[in-house]
Every structure is written in structure tokens, then in C-alpha cells.
There are 2 protein chains.
Amino acid sequence: MKLRILAPSVAALALMISSPLVGDEGMWLYNNPPRQQLKEKHGFDLTDAWLEHLQKSSVRFNSGGSGSFVSEDGLVISNHHVGADALQKVGSKEKNYLRDGFQAKSLAEEIPCADLELNVLQSIEDVTARVDAGVPATATGEEAFKARRKVMAAIEKESLDQTGLRSNVITLYQGGAYHLYRFKRYTDVRIVFAPEQQIAFYGGDPDNFEFPRFDLDICLFRVYEDGKPIKVRHHLKWSKAGASEGELTFVSGHPGRTDRLLTMAELGYLRDVQYPYTLSRLRRLDSLLTAWSGRSEENARRAKEDLFGVQNSRKAREGGIAGLQDPVLMGKKAAAEQQFRARLALSGEFPDAVAAYDRIAAAQAEIGKHALRVRLLEGEHGLASESFAIARTLLRAGDESPKPNGERLKEFTDSEKESLELGLFSDKPIHPDYETLRLADSLAFLIEQLGSSDALVQQVLAGKSPRARAAELIAGTRVRDVAFRKQLYIGGAAAVAAAKDPMIELARRVDGDARAARKAVEAQDETKQQAQAAIAKARFKLEGTDRYPDATFTLRLAYGPVKGYEEDGRTVPAITTIGGLYQRSAEMKDKPPFDLPPSWVKKKGALDLGTPFNFVSTADIIGGNSGSPVVNRAGEFVGIIFDGNIQSLVLDFAYDDVQARALSVHSSAIIEALGKVYGAKDLVRELQAGKRKG
Amino acid sequence: MKLRILAPSVAALALMISSPLVGDEGMWLYNNPPRQQLKEKHGFDLTDAWLEHLQKSSVRFNSGGSGSFVSEDGLVISNHHVGADALQKVGSKEKNYLRDGFQAKSLAEEIPCADLELNVLQSIEDVTARVDAGVPATATGEEAFKARRKVMAAIEKESLDQTGLRSNVITLYQGGAYHLYRFKRYTDVRIVFAPEQQIAFYGGDPDNFEFPRFDLDICLFRVYEDGKPIKVRHHLKWSKAGASEGELTFVSGHPGRTDRLLTMAELGYLRDVQYPYTLSRLRRLDSLLTAWSGRSEENARRAKEDLFGVQNSRKAREGGIAGLQDPVLMGKKAAAEQQFRARLALSGEFPDAVAAYDRIAAAQAEIGKHALRVRLLEGEHGLASESFAIARTLLRAGDESPKPNGERLKEFTDSEKESLELGLFSDKPIHPDYETLRLADSLAFLIEQLGSSDALVQQVLAGKSPRARAAELIAGTRVRDVAFRKQLYIGGAAAVAAAKDPMIELARRVDGDARAARKAVEAQDETKQQAQAAIAKARFKLEGTDRYPDATFTLRLAYGPVKGYEEDGRTVPAITTIGGLYQRSAEMKDKPPFDLPPSWVKKKGALDLGTPFNFVSTADIIGGNSGSPVVNRAGEFVGIIFDGNIQSLVLDFAYDDVQARALSVHSSAIIEALGKVYGAKDLVRELQAGKRKG
């Protein structure tokens with residue numbers, strides 16, 4: 001038995017209480033919360049009522065963030081940078097709400113967002129057995145993928161029909177479990193308050209992911225139904241004192257994605273291929289948008305939101321690749337994998353799990369052959385523009401709609417229909433000059449990535465330079481007209497073909513290649529998922545089910561105390577104050593992005609400079625947690641997550657509490673600023689009372 | 001005869017007066033000037049005296065730019081961005097000359113530059129026959145490279161010994177000719193005047209390579225010998241009126257590099273491999289330095305010069321790749337190559353030239369296998385920092401010095417000795433934090449490019465993360481101490497080895513790989529050069545010698561009228577005014593980089609707002625021409641080149657005068673600003689009189 005020789009001795013195995021949790025690690029499922037850890041480490045009893053209240057007070061922003069109800073009258077708080085997209089869309093050249101802020105003085109002044117969907121989680125149901133039963137054991141990767149899509153779509157459709165709730169089957173533990181999440185959807189969301197971007201994102205890109213910080217990164221919305229603010233039973237009570245140093249806090253939000261359960265083969269791919277590619281593209285966009293924004297005020301307004309996203313992702317990925325390139329961190333993960341594989345082999349009970357690692361490595365290698373085309377053609381990295389995205393959606397809607405629900409591309413299934421139409425018929429402004437800029441640059445990127453002699457590249461360019469081709473396509477397409485879109489969407493494939501729209505025809509030309517590449521990757525992803533499921537199931541048996549899965553942009557609970565840290569020999573304090581903001585500004589001579597908004601200059605005298613502004617905690621968070629409420633033991637709102645420090649960026653791959661910290665805006669700073677800087681007395685009253693006056 | 005079948009008919013050949021010059025095309029050699037073109041197109045008689053005066057008034061900045069003498073007392077004018085490196089090096093945290101400007105009120109106040117070498121061309125001698133005779137016809141690529149290096153070094157050494165002048169054999173027409181250039185060297189160069197960077201680079205990166213512009217991109221230096229200003233016979237007289245629209249102007253400067261004579265195989269490599277690589281690296285550095293600069297004022301000061309260079313190169317390369325990716329431009333070049341190859345084949349006289357194209361393609365493919373390692377290890381893209389560069393120079397100086405002059409690496413030959421030592425013993429400040437930042441980032445880049453499992457990468461990192469390894473190396477090395485460098489340089493290889501300096505030992509570890517990759521590429525370059533030489537010689541015979549070679553950072557003459565152009569349907573006027581500066585600032589709400597320096601705000605009332613500020617002409621220029629004097633028919637100074645517009649960036653591959661324009665600061669703006677904004681009366685008098693008062 002060759003494996004035995006490689007396997008560690010029993011003595012060594014005794015040391016392997018493998019993958020023990022570190023400190024306050026964990027992005028916990030609401031249906032598998034860390035009761036024991038909280039009890040043991042922090043003496044806290046997690047009750048069902050406490051948990052349900054927090055769950056139903058938590059809100060997902062489908063644009064990519066988190067938030068919470070903070071008044072019974074549907075008031076929702078999130079980050080300014082989560083609301084930025086909405087602020088941008090409702091703004092104009094004259095009214096730059098994103099930059100200058102906004103404040104509704106009455107319900108009538110609250111501005112409806114162009115296309116924003118909020119979800120509130122109502123229930124979770126384990127449907128693993130049914131999903132697995134839907135996939136024949138003998139199916140190939142592609143067949144299994146289709147079968148799984150089909151059974152998942154059926155479960156979702158059935159649930160939607162029965163409950164009227166948005167229903168999504170979520171793949172957890174990389175395929176180890178499938179849970180059905182049901183959400184209440186809200187689509188009439190109105191903007192109530194936003195501060196100036198200058199203070200929301202104080203310190204800009206240079207201070208992003210750094211601490212100490214002084215950001216009032218908040219935005220308030222109100223949810224409406226039938227033209228009136230909704231009434232919610234579950235909303236968070238505002239804490240009088242807010243977070244204090246050393247205090248245990250909880251974070252309830254929607255971490256987007258982590259990669260902690262990936263195998264070394266997958267991590268190697270991320271390190272050597274995917275991250276370098278992504279970073280190279282993000283840096284390219286950073287350059288492009290920064291230079292274009294610099295040419296005029298209006299350019300800057302149009303690109304601001306995209307530019308923020310690009311710079312934010314860039315720094316996040318830089319932090320991530322630093323982890324991947326760190327032989328110490330990767331060495332630990334490699335050792336853990338080796339030990340677990342040895343343990344699997346030794347037990348003799350899990351032949352599927354033993355074989356899974358090589359299957360994953362092979363699938364990953366196969367993915368590597370198709371991934372670039374998926375990114376360029378399907379992820380639109382080579383065909384970037386709103387116009388192209390709309391054109392493709394119209395084309396595919398025409399082709400997919402006639403198919404049975406379970407056989408459609410995921411985004412065209414019944415459960416996604418409402419969200420799809422919300423986006424497709426959005427009348428948010430699309431600017432042709434900006435569209436041309438982005439499309440031209442992405443076409444140049446396409447040439448670089450696939451080579452100028454690639455047949456598809458030549459078809460896409462049609463003998464023109466990227467700039468000339470982009471200008472011609474953007475000028476020629478009609479998809480920026482919402483009525484035109486509706487007409488084609490309703491008319492279906494025949495109407496789409498008859499329109500002979502140049503952008504839709506371009507989408508048609510690449511569609512075969514795009515679908516083929518996507519299909520190839522999806523089949524391999526399915527293979528990986530099956531293999532990961534085998535590993536996950538073996539791990540449950542060997543190490544218990546008291547574990548959390550990788551992040552999936554669904555509701556999770558994290559926790560940890562408010563706590564400073566050491567950096568380059570200095571102690572970084574846990575909490576900053578409003579006074580610190582004025583000091584940082586003076587130190588940087590008030591130059592952008594360290595300049596204070598006029599409102600803050602004017603009201604300095606009125607403010608209590610000792611008010612806590614931002615704070616750090618050891619809670620386990622990642623992108624997507626932006627806007628997550630931070631609550632105390634009593635479940636009261638004590639702050640709101642808005643960032644992680646630079647050291648937290650490796651949390652993608654492994655939790656750490658030595659230096660990694662979650663950054664929050666302190667609840668007291670929100671009250672102090674709303675009341676004294678912005679004179680928003682009604683809002684302050686609503687937050688403190690938990691309801692509108694009246 | 002198969003080739004005959006493929007060859008065009010005689011009738012078609014008659015149309016092939018191939019590669020005719022376009023408009024005012026040409027970066028002409030001073031020993032082969034465009035007399036006939038100037039006579040025919042502009043009725044201008046180019047005399048030897050006129051040419052010699054301009055030649056000896058022209059100055060090369062070895063840091064990478066051009067300039068000219070503008071007073072008999074050694075006063076030299078160049079661009080602010082050419083002087084930036086010098087300004088940065090003599091500045092400090094307290095005295096930020098680069099940002100805030102500088103003005104010497106007397107000779108005593110003029111500040112010596114840390115290590116700046118100026119060259120003035122004295123003579124050119126054709127040594128093609130001797131160089132070619134030194135290379136045996138039967139030599140392999142590597143042997144031929146060595147033989148050519150040897151004969152070139154011998155010619156240079158002989159010339160240096162005989163004349164005491166810096167002597168360089170320059171390869172022209174990609175090997176079609178070799179000319180010996182002799183320069184007078186000046187190393188005691190002092191800073192006389194620089195405006196604020198805000199006005200020198202008004203509009204910053206967003207307006208860079210754009211027109212209309214409003215930049216006072218000038219810097220004044222004075223050349224000293226034996227502690228006194230030199231006296232020069234040749235210096236440019238200042239024009240009373242300056243350049244006017246439609247007027248013929250001449251540009252005398254040092255274009256760095258063009259690629260107009262490259263074959264399609266070489267251009268394809270640039271398009272598909274080299275430009276994408278370079279751009280990806282430049283965007284990476286742009287992100288890194290921008291983010292770091294944003295964290296503090298002092299960071300910004302330390303990185304400013306590098307950041308400018310990176311952003312400037314990035315935009316230039318973006319313009320270049322736009323040309324390479326343009327099927328129209330590339331199609332023309334491909335057709336021209338095909339025609340010339342057909343003509344060669346048809347003539348039957350040039351078998352070497354006929355075969356040359358395939359040899360070049362093969363050599364280029366071979367270069368592609370080694371180029372990445374050359375860039376990373378030899379070009380230091382994977383080991384960036386001043387400390388590493390110094391460490392390697394010390395290591396190699398020790399190894400190379402004992403060898404015969406002709407066998408050394410080029411930069412260690414006798415003719416380069418003085419320049420090498422000037423750089424090596426420079427006491428310009430080197431900041432460990434900035435060094436660590438750059439080295440860490442370049443190590444991460446090295447991992448990305450070669451892969452983390454590469455043996456050399458693992459040796460370089462020594463089991464640490466890029467950040468940790470960089471911190472350890474920068475903290476541990478002693479090479480930032482100039483005395484230490486001198487000691488090791490004098491002590492030679494034994495002293496270098498005994499020092500056991502960690503950075504030098506790192507340089508030693510990569511030296512074998514770096515040298516091997518460099519050698520492989522140099523051998524293929526030699527093969528290409530021989531093939532190019534065969535093409536060039538055939539071209540001389542078939543099309544005459546009235547041609548100019550690609551740019552080589554040696555003195556060239558270009559010409560063209562002051563002339564506006566059309567862009568997106570608008571007419572761009574040829575000349576801007578000082579009044580336009582104030583308009584642009586108002587339009588951009590005076591926000592950086594469009595904010596006016598306080599000096600310009602204060603003196604607005606005193607200025608004649610109608611004074612010409614910047615202007616454009618059709619002269620054929622490229623990077624390296626920065627600071628080139630622009631003169632009129634009388635040889636008088638009417639302006640100074642500081643940029644090209646975005647459309648000029650394809651000049652790397654082909655001349656164009658439809659939209660491509662050279663950008664200059666107008667001589668009148670210089671006088672107006674010096675006199676009225678900066679109160680530099682003595683300087684104004686010196687420029688107008690051509691000598692210091694006294």
C-alpha cells in the first residue's frame with residue numbers, strides 16, 4: 001500500500017485536529033450559527049429570537065452590498081459606496097448627488113432609484129438530497145451540469161410559485177450542500193440621505209483599505225410598496241453609546257466570495273493565472289478612467305462610480321495576490337491539505353474524496369484552456385459597454401425564452417425574470433462618448449489577449465481600428481432607447497433579427513464562441529463541484545459539521561471584539577474620533593482627497609470632536625459585507641461595516657486576527673454628523689426612536 | 001524561377017517609387033541634411049554655416065532630453081520635465097524645487113546638479129567600412145556581435161585618446177551605416193531657473209499629449225567649467241517676435257527611438273508581445289506610485305519624478321499601440337514591404353536582402369524566447385530599486401574591469417567610464433521606504449511573469465513574501481553609502497566578494513541568468529542587424545541615399561510650418577495664448593491639475609493675455625526631442641519643443657502630417673513669464689542680449 005508509506009504516523013495524526021478555527025473566525029450560516037464558540041469564548045447565548053430579529057433586519061443590496069432596517073418605516077442604512085451606483089443614476093450634470101450629497105426634507109422629496117433591488121432573507125431550507133438525487137451518478141460533467149441546473153431551477157420555480165418569494169438554491173461548501181434561500185424582494189427604493197462623497201470616501205484611493213480612517217461612508221434609503229413606506233416588524237434599535245473598545249460585536253451581512261476551501265491546485269491557478277490577469281485588466285481600466293475623468297468635470301461625473309469600483313477592486317486584488325504569493329501563508333495551506341489528504345487515505349472510507357484532488361487539478365487545467373475566452377466574450381472584458389450588454393441580453397432573451405425553464409442559461413430562468421427585466425428596462429442614462437471610450441479600450445484589450453490574427457477578433461473589428469469600430473457601433477446601435485428594447489424583448493427572436501441592429505449583430509457573431517467557452521468551463525466547474533462535494537462530505541464526517549462554507553453573497557453572521565493592532569512597530573488604536581479627521585486634513589494641507597467638504601469646515605465648532613468616528617474589529621468579513629450592520633449583545637446597531645484594512649485582504653484565503661481588521665463607521669458619528677453637520681433633525685429622531693415622527 | 005511568378009509586372013513596378021517621403025517627414029542626420037527638400041518645398045537654402053551654428057548650439061541631456069545654449073555665458077534652456085530629475089535630486093522635504101520652482105538671484109545661488117551630463121556634438125565621421133571590415137563574413141551571430149563590439153570599442157577608444165572627446169559609434173539604418181559621433185561633455189551643470197511644476201505641466205496627466213495646451217515647460221541651467229560659467233561661441237539668438245502661424249520652423253534635437261524601418265515581423269512582435277508587456281508594467285507602476293504618493297506629501301515628492309515618467313510613457317505607448325493595432329496604418333506598411341521585397345526579388349542583385357526578411361523573422365522569434373528574462377533580470381523590471389542597480393554595477397565593475405576593453409559589456413568600456421562613475425558615485429538621496437515599495441512590487445511582478453515555481457524566482461525570494469524579502473534586502477544592504485561604493489569599486493571583485501552585501505549577493509545570484517539571456521538576445525539582434533544592413537544597402541542602391549535613419553538619441557534636424565489641424569470636426573488653432581490659460585482654469589474650476597500657481601493668480605493683471613503661449617507644427621519629432629530648440633529661417637530661437645499631440649504617437653512607426661503635431665512653448669511666453677510673473681529681469685536681459693550683463 002503505497003499510500004500508507006506516505007501517510008503520517010498515528011502520533012502525528014493525533015496532532016491533526018485539522019483546520020481548527022482561528023480566533024473569531026467564521027462567516028456563519030444563519031441555519032448553523034456558532035452557538036458553541038460564542039458561549040465558550042464570549043459567554044454569549046445565541047437565542048433563536050435574537051437571530052431571527054437580526055436576520056430579518058438585514059438587507060441585501062443586489063447591486064453588491066449589505067444594509068439593515070433601522071426604523072419601522074422602512075428606513076434602510078447602507079454605505080455611501082453601496083448607494084453610489086443609485087446616486088449616480090439619478091444624478092445629472094446639474095445635480096451631482098454622488099459628489100455633493102442629497103437630503104430629502106420630506107417623504108415627497110425622496111428620490112426613487114433607477115433600478116435597485118433589495119432582498120430580505122425569510123427562510124433557509126436544506127435541499128441537498130433533492131439536488132443530488134436529480135443528478136445521475138453516471139452523468140458526464142456537461143450532463144451533470146445540465147441535470148443540476150434543471151433540478152435547481154425546478155426547486156426555485158416551485159418555491160416561487162408557492163410562496164411568491166424570490167427563491168434561489170445556493171451551492172454551499174463548493175457542492176457539499178444545497179440550501180434554498182427565500183427572499184422578500186423590494187424594488188421601490190428611494191434615496192433619503194447621502195453625505196458628500198468627499199466625507200463618505202475621505203482620503204480617497206490612497207487611504208482606502210487603510211486605518212486610521214475618518215469616513216462617513218453611509219447612505220439612507222427608504223423602501224416603499226404601493227407608493228407608501230413599508231412597515232417592518234424587524235428593524236435594529238439604535239444603540240445609545242455605540243461600540244466601545246473590547247466589546248463583542250456581531251456583523252450580519254452578505255460576504256460575496258471567499259476561496260478558503262479551494263485546493264492547492266485551484267489556488268495555484270488563482271495565483272499564477274487569474275489574479276495576474278484580473279489585476280492587469282483593473283490597472284488598465286484605472287489608467288483609462290483616471291485619464292479620461294481628468295479631462296473635464298462632466299467626464300469625471302460619468303466615470304466616477306466605475307472608477308471607484310475599479311480602484312477598490314484593484315487594491316483588494318493586490319492584497320489578495322500578496323497572500324497567494326506569500327510562501328508562509330501558502331505553505332500552511334499546503335501542509336493542511338497534505339495532512340487532510342493523508343488522513344483521508346489512511347481512513348480508507350472516502351475513495352471519492354481521495355480521488356477528488358487530482359480530478360480538481362485536471363478540471364482546473366482544462367478550465368485554464370477556456371477561461372480567457374469566457375472572460376473576454378462572456379464576461380464582456382473584450383466587449384465592454386452598457387450597449388453591448390443590453391444588445392446581448394436582447395439577443396439571448398429571444399433565443400432562451402422559448403426553451404423549457406430548466407434548460408435556459410441561468411440568468412434567463414423564471415426565478416431571475418423580474419430582476420432581469422428590472423435591469424433591462426432601466427432608463428438610467430447611457431453616455432455615448434463614455435460607451436465609445438470603454439468599448440474601444442476593451443476591443444484593444446481583446447486584440448492583445450487573443451492576438452490580432454485571431455479569426456473572431458478580425459470579425460469583431462471588421463478591418464477597423466478599435467477606436468473606429470467602437471465609434472461606429474455605439475453611434476449605430478438603437479439599444480440605448482428603452483422603448484426599442486421593450487419592443488425587441490416582447491417581439492422575441494424574430495423581432496431581434498429583423499432589427500438588424502449593428503450591436504446586436506455583433507453580439508450574435510460572438511455568441512457561438514461565447515456560449516461554447518462558457519459551456520466548457522461550466523462542465524469543468526461541475527466536475528470540480530462534485531469532487532469538492534466529496535471532500536466536503538468526508539470532512540463533515542471526519543471533522544464534524546460545525547463549520548462554515550465559503551462566502552456566497554448570502555446572509556452570514558460574523559463576530560469579534562472591537563480591537564486595535566500592531567503595525568510596523570506602532571500601535572494602531574481601535575477607534576478614531578471626529579477630531580482626528582480635522583488633524584488628518586491639516587496634515588495633508590487639505591488637498592484632495594484629504595480636503596474637507598465646506599459643510600464640515602463650517603460646522604467644526606458645533607461638533608463634539610471626541611465623538612468616535614471609525615473603529616476596527618476582528619469580525620470575519622469580505623467584499624459584499626459593505627454596509628453590514630454591526631450590533632452589540634443586545635442586538636442594537638452600534639456601527640456599520642464599510643471596509644477592511646489592507647491586511648484583511650488575505651481573508652479571501654484564510655482568516656487571520658493578528659492584523660486583519662473589519663472597519664466600521666461608529667453609530668455615534670452618524671448621529672453627530674446628521675444632526676450637527678447636516679441639520680437632519682427628523683432623521684436623527686427617526687433613528688433614535690425607530691420610527692418616523694407623526 | 002518561382003520568384004518571378006510571384007513578382008509584380010513591370011507596369012506595376014513603374015508605380016513603385018517606393019517609400020516616398022510624406023510632407024515634412026524626416027529626422028535628418030546633420031551630415032546628410034534635407035537640402036533638396038527644403039529648397040524645393042520651402043525655398044530655403046541650407047548653408048553649412050547655418051547648420052554648424054545650430055549643431056553646436058544644440059545640447060543633449062544624457063538623462064534623456066534635448067536643449068540649447070541661449071547665451072554666450074553657458075545658459076542652457078530645456079524643458080522642466082527634462083530638468084525634473086535634477087530638481088528632484090537637489091530638493092529635500094523642506095525645499096521642494098520640483099514642485100515649487102527655483103530662481104537663482106545670482107551666480108552664487110545657482111545649484112549644482114547631482115549627476116547630470118550634457119553633451120554637445122562636435123563632429124560626425126562615417127566609419128562603416130572599418131566596422132564592417134572588423135566582422136568576418138563567416139562569423140556566427142554571437143561571434144559577429146563580439147567582433148563588432150570589439151571594433152567599435154577600438155574606434156571609440158582611439159578617438160577618445162586622440163581628441164579627449166566622448167566618442168560613440170552609432171549604428172544607423174539598423175546596421176546600414178556606422179558613424180562616429182564626438183561630443184564635448186559637461187558635468188558641472190547648475191540650475192538657474194525653474195517655474196512651479198503646476199505651470200510647467202499645467203493640466204497634468206489628463207492634458208498630457210493634448211492640444212490646446214498652456215504649459216510653461218521650461219528649465220534654465222548654466223554650464224560651468226573650473227568653477228566658472230563657460231563661454232560658448234555658438235548659442236541661439238532670441239527671436240523678437242517668436243514663431244508665427246504658417247512660418248517654417250526647424251527643430252534640432254535628439255529623438256530617442258523610432259521603429260519605422262522595422263519589418264512586419266518585428267512590428268508584429270511589438271504589437272503582440274512587447275507593447276502589451278510594457279503597457280501592463282507601466283499601468284502597474286502608475287497604480288502603485290499614484291496610491292503611494294497619495295498617502296503623504298513627502299511620499300508624493302519622492303515619487304513625483306518617477307510617476308511623471310511612468311504616466312508619460314504609458315500614454316505614449318498607448319498612442320503607439322493604437323497605431324500598431326490599426327489595420328489601415330499597418331496595412332500600408334505591409335503593402336510597402338511586400339512591394340519592396342518584390343522589387344528586390346525582381347532585380348536579382350540583392351540575394352542577401354531578399355533572404356534578410358526571413359532571417360529577421362526567425363531571429364525575432366528567437367528573441368521572443370529570451371526577451372522576458374532580459375527585461376526582468378537585466379532590465380531590472382523584476383528587481384527594481386536604485387539599491388539593486390548600484391549593487392549590480394559594483395558586482396559587474398569588479399568582474400568586467402580586468403577584461404580587455406573590447407570584450408567588456410558595453411557599459412563598462414573605456415568610453416563609458418566617466419559617465420558610469422558619475423552615476424555610480426552620485427550622492428543623490430535614496431529613500432529606503434520608497435526602495436522597499438518598488439523592490440517588493442517588482443518581485444511580485446517577477447513571480448507573476450516567471451511563475452512562483454521557477455527555480456530562480458525561488459532563489460531570489462528565499463522563502464519569503466515579496467514584501468518581506470524586499471524589506472530585508474533594503475534594510476541589509478550598504479550600497480546606499482557612497483563611500484562604501486567607492487571602496488568596492490576601487491577594491492574590485494575581491495573587495496566586492498568580501499563585503500558579503502546581501503543586495504550584491506542577490507545580484508550575483510541572478511547574474512548568470514541575466515547575462516545568458518542578454519547574450520542570447522544580443523546575438524539575435526546582431527543577426528537582425530546584419531539582415532537589416534543588407535536591406536538598407538539594397539535600398540540605398542535602389543532608392544538613393546537621400547533618406548534618414550530611425551532615431552538613435554543623436555542630433556537630428558526636423559522641420560515644418562506652424563500649423564493647426566482638424567479633430568472630431570473642430571479646427572484646432574495653431575497657437576494658444578496666455579489668456580487661454582486663465583480660461584481653461586476657470587472652466588475646470590481651478591481644481592488640480594488645472595489650478596493656477598499663486599504667482600500666476602497674483603500677476604494676471606500685469607500680463608499681456610494675448611501673448612502666444614504654446615504652438616503646434618508639423619515637424620517630425622519623438623520622445624527625446626523634449627527641450628529641442630525651435631528656430632526660424634534666421635536660426636533664431638522661436639520656441640522649445642515639450643510634447644507631441646496624441647495623434648503624433650504613431651510617429652514611432654510612420655510619419656503623418658494630417659493630425660500629428662509637435663507641441664512647443666512659444667519664445668514670447670517665456671519672456672513674458674520670466675519678466676512679469678517671476679521678476680527675473682536679469683534672465684530676460686541675458687536671453688535678449690545673448691550674454692550676462694556686466
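In what order do the eight strands of the open sheet of chain A stand? The legends below take up this and other close-up views of a predicted model.

**View 1. The open sheet of chain A.** The order of the eight strands is β1-β14-β13-β19-β20-β21-β18-β17, and their pairing is antiparallel. At the edges stand β1 (28–29) and β17 (575–577) of chain A, each of which pairs on one side only. Strand β17(A) is joined by two bridges to β18 (residues 612–617) of chain A, and these two strands run antiparallel. Within this pair, A:Thr577 has A:Pro612 of β18(A) as its bridge partner. Strands of a sheet pair through backbone hydrogen bonds, either parallel or antiparallel.

**View 2. Strand β13 of chain B and its two partners.** Strand β13 (residues 248–253) of chain B is mostly covered, with five of its six residues buried. Six bridges connect β13(B) with β14 (residues 556–561) of chain B, and the two run antiparallel. Here B:Leu248 stands opposite B:Pro561 in β14(B). Strand β13(B) is also joined by two bridges to β19 (residues 629–631) of chain B, again antiparallel. B:Val251 has B:Val630 in β19(B) as its bridge partner.

**View 3. Helix α12 of chain A.** Helix α12 of chain A has 28 residues (297–324). At 1.5 Å a residue the helix should span 40 Å, and its end C-alpha atoms are 39 Å apart, which agrees. The helix bends by about 55 degrees at A:Ala303.

**View 4. Domains 1 and 3 of chain A.** The domain assignment of chain A gives domain 1 (28–117 + 187–259 + 549–689), domain 2 (262–325) and domain 3 (362–540). The centres of domain 1 and domain 3 of chain A, taken over C-alpha atoms, are separated by 34 Å. Six residues of domain 1 of chain A are in contact with six residues of domain 3 of chain A. On the domain 1 side of this contact, one residue is nonpolar, two are polar and three are charged.

**View 5. The contact between chain A and chain B.** Chain A and chain B each give 35 residues to the contact. Elements that give two or more residues to the chain A side are α10 (204–207), α11 (264–295), α12, α13 (327–347), α17 (432–450) and α19 (466–476) of chain A. Helix α11(A) gives the most to this side, with 11 residues. The residues on the chain A side divide into 12 nonpolar, nine polar and 14 charged.

**View 6. Two cis peptide bonds in chain A.** Most residues other than glycine have a negative phi, and most peptide bonds are trans. The bond from A:Phe211 to A:Pro212 is cis, with omega near 0 degrees. A:Pro212 lies in the loop between α10 and β11 (219–225) of chain A. The bond from A:Pro592 to A:Pro593 is also cis, with omega near 0 degrees. A:Pro593 belongs to the loop between α22 (578–587) and α23 (598–602) of chain A.

View 7. A:Ala462 is not a glycine, yet its phi is positive, at about 55 degrees. This residue is found in the loop between α18 (455–461) and α19 of chain A. A:Ala462 has 14 other C-beta atoms within 10 Å, so it is partly exposed. B:Tyr173, also not a glycine, has a positive phi of about 50 degrees. B:Tyr173 lies in the loop between β8 (166–172) and β9 (177–186) of chain B. B:Tyr173 counts as buried because it has 24 C-beta neighbours inside 10 Å, where 20 or more are needed.

Notes
Residues numbered from 1 in each chain as written. Chains lettered and ligands numbered in written order. Predicted model: local features only at pLDDT ≥ 70, side-chain atom pairs only at ≥ 80, totals over all residues. Helix = DSSP H or I, 4+ residues; strand = E, 2+ residues; numbered from the N terminus. Expected span 1.5 Å × (residues − 1). Bend = angle between axes of the 7 residues up to and from the residue. Buried ≥ 20, exposed ≤ 12 C-beta atoms within 10 Å, placed from the backbone. Pairing = 2+ DSSP bridges. Domains from an automatic or database assignment. Contact = placed C-beta atoms within 7 Å. Nonpolar A, V, L, I, M, F, W, Y, C, P; charged D, E, K, R; others polar.
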